[in-house]
Amino acid sequence: MPTFTTYDGTELAYRTQGEGEPLVCLAGGPMRDAACLGDLGGLTAHRTLVLLDARGTGASAEPTDPGTYRCDRQVGDVEALRAHLGLERIDLLGHSAGGNLATLYAAAHPERIRSLVLVTSAGRALGVTTTDEEWDAAAEVFADRPWYPEARAALDALGPDAPLSRVYAAAAPFSYGRWDAAAREHAAAADRQTRWEAAGAYHGEGAYDPAATRRALAALTAPVLLLAGEYDAGPTPARAAEAAALFPVAELVVQAGAGHHPWVDDPDAFVRAVAAFLDPAVRTVTVDGVRLAHRVAGPEDAPPVVLVHGRGENGTTWARVTADLAADHRVYALDLRGHGLSDRRPGGYGFDAFRDELGGFLKALGLTGATVVAHSMGAAAAYLLARDEPGLVGRLVLEEPPVFFPLDPPRPVAERPEGPLGFDWEIVPATDAQLNDPDPDWRDRFASITAPTLVLAGGPTSHVPQERLAWLADRIPGARLVTLDAGHLVHAERPAEFLSLIREFGV
């Protein structure tokens, strides 16, 4: 395990894991071994995590002066790690108590922060704390859980002089969205991973000067993400929102169903939110309560083009197309709900939902009149939108869209493949049901589409009936149908020809 020497001569250890640019990570506890962070739910697929063992924890040495366990006196450790890594600026993540340290570091060294992620971070450094009454009210969300009576009784039995280790053990069931096997295992490790005598000193007298920290943070120009758990009692989402308002550039994400350790409660949801924030090419916008990730490229003042993927894909499928179009367009490659880095919405999938979502996306970003280039499922949503709200779409490219005739024979129930997926499997049965028995209205009123339209067909190797695409093109006023013998994924299999055709069309 690599080590470095910090400002007072203490030797500190850290571990690295993952791929991509480094993300310096500070564990909470306080004073808990960074092993508690694990791989942060799989964030290692997007970033190299640099997991610092705070002084006196894990493989790091104990300091000569126990007073240096105090949070503000560990700011120098983070700066020493940055210098040791040879990084001019760092992406910094702090969990819970570690979020206080990350906040103090950002206040002391705003020029060294490239981005800041505060995960369910107690806001003592900012003077934003949860009252006992708020904690009790938040804990009541678990009142119907079978473990609640016993856990509540154990918590209420604690006296004022109870050791921190007993307090944390009693509070553990309330710290997770689900008190399941994964949560119990994570909580059980706390006792052996925490230096309890140092934990008491971490928030010691003099550690925080909230007024001074708030003033110093005015110089922080880097973006900040505050990720709160819906069921977390400290901080509650309301307190996290209060803290977010104290940063010049901040975004608040409340992870549904999560508690104080969101990467344990729902690893995929946690990774989607953090990875989207950390990727400078990805932005998010909320439409009807759903956070939609999208990749943006090209000059800000160039004509907008919105790229919409098919089922099971995401905005990265358009990488080759984006690289070309970004030369003279502002390109928005959207991840539809349930796909890529966007929110999942169980029970909320369907062609009509994707239609409404695409419309909301265009309106939210002020993209009325944009060109929409869409594939398969996304193309069906796009033509339904252009039909129902013709003023929203300027030009329309439909690559291999389904046309809504009942399937005969109907599609059988699909079996979920093994292993992780980049999308919510529930999308498949939901959209298959609509393909088998579509709304008859979806085959009508194509004369309402006013956008110039290009329909691209993949030829005989495509699973989409090509005569249906001809039928669709005949009913959209002025539409042009072009066939490329490429199969269903025209833009991926024949990107040069695909680009040539849409450029010729006027994109």
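Modeller: I will start with the whole chain, then go through the packing and the spaces.

The model is predicted: local features need pLDDT of at least 70, side-chain atom pairs count only at pLDDT 80 or more, and totals for chains, interfaces and linings use all residues. Residues are numbered from 1 along each chain as its sequence is written, and side-chain values use heavy atoms, with hydrogens and water left out.

The chain holds 19 helices and 16 strands. Along the principal axes, the C-alpha atoms fill a box of roughly 80 × 50 × 40 Å.

Of the 507 residues, 54% count as buried. Buried means under 20% relative accessible area, exposed over 50%, and partly exposed in between, with a 1.4 Å probe and protein chains only. Take contacts (heavy atoms within 4.5 Å). Among those with a separation of 6 or more, 74% join residues 24 or more positions apart.

Now the packing. A nonpolar core is a set of buried Ala, Val, Leu, Ile, Met, Phe, Trp, Tyr and Cys residues joined through side-chain atoms within 4.5 Å. The largest one has 51 residues, and Val 306, Leu 358, Val 372, Tyr 383, Leu 396 and Leu 398 touch the most other members. Helix α15 supplies the largest share of this core, nine residues. Look at Leu 396: beyond four places in sequence, the residues it touches include Val 372, Tyr 383, Ala 386, Leu 454 and Phe 505. Another core lies apart, with 45 residues, among them Leu 49, Val 117, Val 119 and Ala 275.

Helix α17 (residues 466–475) buries Leu 469, Trp 471, Leu 472 and Ala 473. Those buried residues pack against α15 (376–388), β14 (393–399), β15 (453–457) and β16 (480–483).

Next, the spaces. Both kinds come from a 1 Å grid over the protein atoms alone: a cavity is a set of points where a 1.4 Å probe fits but cannot get out, while a pocket is an open set with protein on both sides within 12 Å along at least five of seven lines, and lining residues have an atom within 4 Å of a point. Grid points are joined across faces, edges and corners, and a volume is the space filled by probe spheres set on the points.

Three cavities of 30 Å³ or more are found.

Strand β7 (224–229) and helix α10 (237–244) each supply at least two of the lining residues. The classes here are nine nonpolar, three polar and one charged.

For open space, take the second largest pocket, at about 880 Å³. Its lining counts 36 residues, with Asp 268, Ala 269, Arg 272, Ser 342 and Arg 344 the closest to the centre. Elements giving two or more residues are β8 (250–255), α12 (267–278) and β10 (290–297). Helix α12 gives the most, five residues. This lining divides into 14 nonpolar, 11 polar and 11 charged residues.

Last, two backbone details. Most peptide bonds are trans. Gly 29 and Pro 30 are joined by a cis bond, omega about 0 degrees, and Pro 30 sits in the loop between β3 (22–26) and β4 (48–52). The bond from Asp 408 to Pro 409 is also cis, with omega near 5 degrees, and Pro 409 lies in the loop between β14 and α16 (427–436).

Conventions:
Helices (H or I, at least four residues) and strands (E, at least two) are DSSP runs, numbered from the N terminus. Ala, Val, Leu, Ile, Met, Phe, Trp, Tyr, Cys and Pro count as nonpolar, Asp, Glu, Lys and Arg as charged, and the others, Gly among them, as polar.
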